[in-house]
Structures are given as C-alpha cells and as structure tokens.
Amino acid sequence: MPETTRLIAIRHGETEWNVGTRLQGQMDVPLNPRGQEQARRVGQALQHDAPQVLVSSDLSRARQTAEAVAAATGLPLQLDAGLRERHFGIWQGHTYQEVETGWPAQSERWRRREPDFGPEGGETLQQFFDRVVATASRLARAHAGQTLVLVAHGGVLDCLYRAASRIALNAPRTWELPNTGVNRLLWTGEGFTLVGWADVHHLDDEARDESADRVGHAA
C-alpha cells in the first residue's frame, strides 16, 4: 500500500467576482487587493506545516494565491489544469441572479445538484467530481509520504470534502468554503480522509463564502 500523503487544500483568495456573486468557472479572474492580502497571510501560516510540494490550478486567482505560498515557503510551484474550477459553459460571467432569471428550469436542476446536469458548453457535476478526484489522487500518489499543498477553487474543495466524507453529490452543502481557508486531508491507496476544515485563523476578518446560502457551492 502507498504511504499516507498529507494534503493541505486551499481555496484561492478573494476576487471582485466573488464579491459580486458572479460565476467565474474557468474564466481567468485575478485576485482583488483583499485576496492578495489573504494569500500572503495563508502563505505565512503554511510555513509551520513545512510542506514539501506545492501544486495549483493554472487559473490566475489560484496561481496568484499559490505564488504567495511559494514566496513564503520557498517551494517551487507546479501548475495542473486538472485542479481548475468546474466549467460552467454559457453561465460563466453571469451572476447567480442572472442565471436564475435567464435559465430558470436549468437553474433549478443546478440547485438540486443533479449529477448529470451541466450548463450548455460546461461540465456536468459528475464529470467535474470525477476530474477533481482523479487529479487529486494522482498528485497524492505521486507524492506519497509527503505533505502536499493544493491551491484550487471552491467547487474543487467541495468535491474533495464529499470524497473524503463519503457524501453524495446531490446532498446539500453544510460545510464552508471560505477564501484561503486551510483544509486538511489524508490520502492512502483507499482514498481520502477528512482531518480538518475551513481554518481561517490566519485572517483578521471573515473570509467570503459568497454562495453559502445561494446555490450550495462556490465558483
């Protein structure tokens, strides 16, 4: 059996689209000033964990967050497109309210978290989940026995939480996905196990989870 891998999964810092509850998906949106400060703080906090590997989504908001972690820890940064947020197709760039108004029937299917539903041109929830779990498992296996930092997105972290907790894709979300929250998991050849979630002690103020009472997952 492979050695246990410690995973520290981080959601990117805040963006202006987070503030405006606008679906980012795989559009390349940078951090805002608050997000840049959050990234700096989480990088400093992770020094105490002495991580050995740092991998990030290649989208700007995650990459910029990971660059702050790299600066604080001295780790080289690897980029992996498998850690990207879910592709929301024609909904990308729209606010949650615009999606509700413009696509009411499809929006309801999204709210119900139907695994086989995806916006036109985008991924289904099941396709997204399978991609995320396969990517995280591949990286954990490649770095067995080490401490691995993954910097990604709210939807990615939601998938990892569900995989580690054995919670169905269509179950409502009751856990938080704050910007630059520190989330801890273990991986063995049998899968993921949850250790700790949504630690934001490194931040002075409340981190944003803009979709918590809207559609049940952050993008």
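## Salt bridges

A salt bridge is counted where a side-chain nitrogen of Lys or Arg lies within 4 Å of a carboxyl oxygen of Asp or Glu. By this rule the structure holds 17 salt bridges. The structure is a predicted model, in which local features need pLDDT of at least 70 and side-chain atom pairs count only at pLDDT 80 or more, while totals for chains, interfaces and linings use all residues. Residues are numbered from 1 along each chain as its sequence is written, and side-chain values use heavy atoms, with hydrogens and water left out.

R6 forms a salt bridge with D49, their closest N and O atoms being 3.4 Å apart. This pair links distant parts of the chain, with R6 in strand β1 and D49 in the loop between α2 and β2, 43 residues apart. Helices (H or I, at least four residues) and strands (E, at least two) are DSSP runs, numbered from the N terminus. Residues are called buried under 20% relative accessible area, exposed over 50%, and partly exposed in between (1.4 Å probe, protein chains only). R6 is partly exposed, with a relative accessible area of 33%, whereas D49 counts as buried at 15%.

A salt bridge also joins E98 to R22, with the closest N and O atoms 3.8 Å apart. E98 belongs to helix α4 and R22 to the loop between α1 (16-19) and α2, 76 residues apart. E98 is partly exposed at 36% relative accessibility, and R22 is partly exposed at 28%.

Within helix α2, E37 and R41 lie 4 residues apart, about one turn of the helix. Their closest N and O atoms are 2.9 Å apart in a salt bridge.

## Aromatic pairs

Rings of Phe, Tyr and Trp (its six-membered ring) pair if their centres lie within 6.5 Å; planes under 30 degrees apart count as stacked, over 60 as edge-to-face and the rest as tilted. The count comes to 7 aromatic pairs. W91 and F117 form a tilted pair, 5.8 Å centre to centre with 45° between the planes. W91 is in the loop between β3 and α4 (96-102), and F117 is in the loop between α5 (104-111) and α6, 26 residues apart. W91 is buried at a relative accessible area of 1%, and F117 is buried at 6%.

Y161 and W197 form an edge-to-face pair, 4.9 Å centre to centre with 80° between the planes. Because Y161 lies in helix α7 (residues 154-165) and W197 in strand β6 (residues 191-199), the pair ties together parts that are 36 residues apart in sequence. Elsewhere, ring pairs link F88, W91, Y96, W103, W110 and F117 into a cluster.

## Helix α3

Helix α3 (residues 60-73) has 14 residues and should span 20 Å at 1.5 Å a residue; its end C-alpha atoms are 20 Å apart, which agrees. The expected span is 1.5 Å times one less than the number of residues. Buried residues of α3 include S60, R61, A62 and T65. The buried residues of this helix pack against β1 (5-11), α2 (33-46), β2 (53-56), β3 (77-79) and β4 (147-152). G74, with a positive phi near 80°, follows α3.

## V133 in helix α6

V133 is placed in helix α6 (residues 125-142) and counts as buried at 19% relative accessibility. Not counting residues up to four places away in sequence, V133 touches A163 and F192, contact meaning heavy atoms within 4.5 Å. The C-alpha atoms of V133 and R162 are separated by 9.9 Å, the two residues being 29 residues apart along the chain.
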